[in-house]
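Let's take a walk through this protein together.

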Amino acid sequence: KEGFGVPLKQYFSDTTSMGMYCDILTDKKTLERGIFNRKSIQNIIAQIRDGSLSSDEYEAVVWPIINFELWYRNCIEGKKVSS
């Protein structure tokens with residue numbers, strides 16, 4: 001069995017949908033936590049904004065980072081994440 005691809009690049013391009021979660025990458029708490037390399041995150045954000053980030057990078061990089069950050073806030077810090 002093999003899964004099917006999800007068009008994450010298109011989903012994250014819509015700021016009224018999943019795109020609003022890209023703001024988590026620029027959040028002070030995310031950048032100052034020290035888990036992710038600040039310069040790398042800033043580079044990813046620049047590529048998202050200028051449209052040069054590939055679809056594969058959304059799946060391999062952006063999606064996992066956002067999910068980790070949401071999980072950390074919810075499970076480790078105990079704060080509910082609202083949408």
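For charges, Lys and Arg count as positive and Asp and Glu as negative, while His and the chain ends are left out. The place of each charge is taken as NZ of Lys, CZ of Arg, CG of Asp or CD of Glu. With that in hand, the protein has 11 positive and 11 negative charges, and their mean positions sit 8 Å apart.

A word on what you're looking at: this is a predicted model, where local features need pLDDT of at least 70 and side-chain atom pairs count only at pLDDT 80 or more, while totals for chains, interfaces and linings use all residues. Residues are numbered from 1 along each chain as its sequence is written, and side-chain values use heavy atoms, with hydrogens and water left out.

Now the overall build. You'll find five helices and zero strands, with helices being DSSP runs of H or I of at least four residues and strands runs of E of at least two, numbered from the N terminus. The order from the N terminus is simply α-α-α-α-α. The radius of gyration is 13 Å, close to the 12 Å that the globule rule gives for 83 residues, so the protein is as compact as a globular protein of that length. (That radius is taken over C-alpha atoms, and the rule is 2.2 Å times the number of residues to the power 0.38.) Along its principal axes, the C-alpha trace spans about 35 × 30 × 25 Å.

How much is tucked inside? Buried residues make up 27% of the 83, where buried means under 20% relative accessible area, exposed over 50% and partly exposed in between, using a 1.4 Å probe and protein chains only.

Next, the rings. The structure holds six aromatic pairs; rings of Phe, Tyr and Trp (its six-membered ring) pair if their centres lie within 6.5 Å, and planes under 30 degrees apart are stacked, over 60 edge-to-face and the rest tilted. One of them joins F12 and W63, with centres 6.0 Å apart and planes at 65 degrees, so this pair is edge-to-face. F12 lies in helix α1 (residues 8–13) and W63 in helix α5 (residues 55–76), so the pair ties together parts 51 residues apart in sequence. F12 is buried at 4% relative accessibility, whereas W63 is partly exposed at 35%.

Another edge-to-face pair is F36 with F68, 5.7 Å centre to centre and 90 degrees between the planes. Ring pairs also link F36, F68, W71 and Y72 into a cluster.
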